[in-house]
Amino acid sequence: MTNQPHPEPTNSTPELFTREFAADPYPAYAWLRDHAPVHRTELPSGVEAWLVTRYADAKQALADQRLSKNPAHHDEPAHAKGKTGIPGERKAELMTHLLNIDPPDHTRLRRLVSKAFTPRRVAEFAPRVQELTDRLIDGFAGRGSADLIHEFAFPLPIYAICDMLGVPREDQDDFRDWAGMMIRHGGGPRGGVARSVKKMRGYLADLIHRKREALPEAPGPGEDLISGLIRASDHGEHLTENEAAAMAFILLFAGFETTVNLIGNGTYALLGRPGQRARLQASLARGERGLLETGVEELLRYDGPVELATWRFATQPLTIGGQDIAPGDPVLVVLAAADRDPERFADPDRLDLARRDNQHLGYGHGIHYCLGAPLARLEGQTALATLLTRLPDLQLAVDSTDLRWRGGLIMRGLRTLPVEFTP
Ligand code: HEM
């Protein structure tokens, strides 16, 4: 399995960001929590940043308003300008979105988008997620084998969010291709990735414009999310077309690779633990939801898709876990390390689908807490329950040591997940 129950102790600072680290970062995180809980390190891009690995420090840092999300606060050395991958260096018009701004702008935009992206709208969408899930499984159920990343975990979230936004079905395969380019080549918007981002943005701007022109006076039942974003108002204030386009883009962007990895990492963790998986299958067969719901939260804690929360920058001197941080310093909160902290979670390296009081940080914490959590839960629960019910003897088709992990800086997930089952 990826995760050793008791990480081997090492005496020196572990190497981070290697291929071995991507396959199993948890021993290195255990070392950091014990020996250097707020640790300054050089990232692969050459930027130096603080890694915060203990649960209590991580939670405090995520809610600390002295840590700004605006990359303009980054005190970047001149030689690294434009090469660090820090988001603000990219086109400003793309990046003015929730994850890159602070109050009061953040408060205003988040309030507006929350009026459109409501838990109720997500709940209404449940039958469609089930239908999509079944259709994707129909595509390989008769074959006896599949790559669950490419044929299942990858297309499900992109079609789901496109549907929810109101992107017509005939255009959704374009989104799948653009998103595929972004996930495969990650990092900065160079070459194909830049073109894909540009096309996606252009398409969304155009769609928003067309929907605004044709918007009926009152919302009808099942109105799509883009119409909801156009309509959303707060004290007479509306989103501009540009803001609505940036918002639609961030919903796609933030809700895509994260959910791919929740389904991928989650399925993989279950396949390696026959006892827990059998208990979940038995509870699903009895028509119960409880273990599925606590189980998906536990999978997020145990091997969540978002390894590090997105960038934060100190705007004034502060101390985290006894460590002084200077203004301009980047701070990365390592959610994956915090969620295995034995000070917070009993037996943290054990997957326990029935875990209670599971206040993991997989969706973040504070004002930037994941806006899409209700949709992610819906997709994660539907995907896992349907897979385990329809393909009850699902198993890995390769040795787990042959699996390759995609370890970007922020996200961590499998490149492929070959499985087999009785057709
Ligand atoms: C923010 C995790 C799915 C939309 C966040 C943050 C985390 C996170 C950790 C906070 C980042 C930070 O503080 O730096 C996840 C995980 C997901 C998931 C683990 C899937 C399992 C989604 C989905 C959507 C979404 C499906 C929307 C369709 C957002 C947005 C924000 C956000 C818009 C920014 C909120 C703000 O800054 O106010 N997510 N996310 N996420 N997420 Fe998610």
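The pLDDT is the predictor's confidence in each residue, on a scale from 0 to 100. The mean pLDDT of the protein is 89, and 90% of its residues reach 70 or more. Over residues 1-5 the pLDDT stays under 50, and the model has 12 contacts beyond four places in sequence for them. Over residues 88-94 the pLDDT is likewise below 50, and this stretch has 12 contacts beyond near neighbours in sequence. Where pLDDT is low, the predicted coordinates should not be read in detail. For the model as a whole, the scores are ipTM 0.99 and pTM 0.92.

The sheets may be considered next. Strands of a sheet pair through backbone hydrogen bonds, in either a parallel or an antiparallel sense. An open sheet of five strands has the order S1-S2-S10-S7-S3, and its pairing is mixed. Its edge strands are S1 (residues 38-42) and S3 (residues 67-68), each of which pairs on one side only. Five bridges link S1 and S2 in the antiparallel sense, and Thr41 stands opposite Ala49 in S2.

Strand S2 (residues 48-52) pairs with S10 in the parallel sense over three bridges, with Trp50 opposite Val331. Strand S7 (residues 312-314) runs antiparallel to S10 and is joined to it by two bridges; here Arg312 stands opposite Val331. In a regular strand the side chains alternate between the two faces of the sheet. In S10, Pro330 and Leu332 point one way while Val331 and Val333 point the other way, and all are buried.

A second open sheet has three strands in the order S4-S14-S11, with antiparallel pairing. Strands S4 (145-147) and S11 (395-396) stand at the edges with a single partner strand each, so one side of each is left without a neighbour in the sheet. Two bridges connect S11 with S14 (residues 418-420) in the antiparallel sense, and Gln395 stands opposite Glu420.

The surroundings of the ligand come next. The ligand is surrounded by 27 residues, of which the closest are Gly255, Gly364, Cys370, Gly372 and Ala376. Helices H13 (241-271) and H17 (373-390) are the elements that give two or more residues to this shell. H13 gives the most, with seven residues. By class, the shell has 17 nonpolar, nine polar and one charged residues.

Helix H14 (residues 274-285) has 12 residues. From its first C-alpha to its last it reaches 16 Å, close to the 16 Å expected at 1.5 Å a residue. Just after H14, Gly287 takes a positive phi of about 80°.

Some further details concern the backbone. Most residues other than glycine have a negative phi, and most peptide bonds are trans. Phe17, in the segment before helix H1 (19-23), has a positive phi near 65°. With 15 other C-beta atoms within 10 Å, Phe17 is partly exposed. Asp357 also has a positive phi, near 50°, and lies in the loop between helix H16 (335-338) and H17. Asp357 counts as exposed because it has 7 C-beta neighbours inside 10 Å. Finally, the peptide bond from Pro103 to Pro104 is cis, with omega near 5°; Pro104 lies in the loop between helix H4 (92-95) and helix H5 (105-116).

Key: Residues numbered from 1 in each chain as written. Contact = placed C-beta atoms within 7 Å. Buried ≥ 20, exposed ≤ 12 C-beta atoms within 10 Å, placed from the backbone. Helix = DSSP H or I, 4+ residues; strand = E, 2+ residues; numbered from the N terminus. Pairing = 2+ DSSP bridges. Expected span 1.5 Å × (residues − 1). Near = placed C-beta within 6 Å. Nonpolar A, V, L, I, M, F, W, Y, C, P; charged D, E, K, R; others polar.
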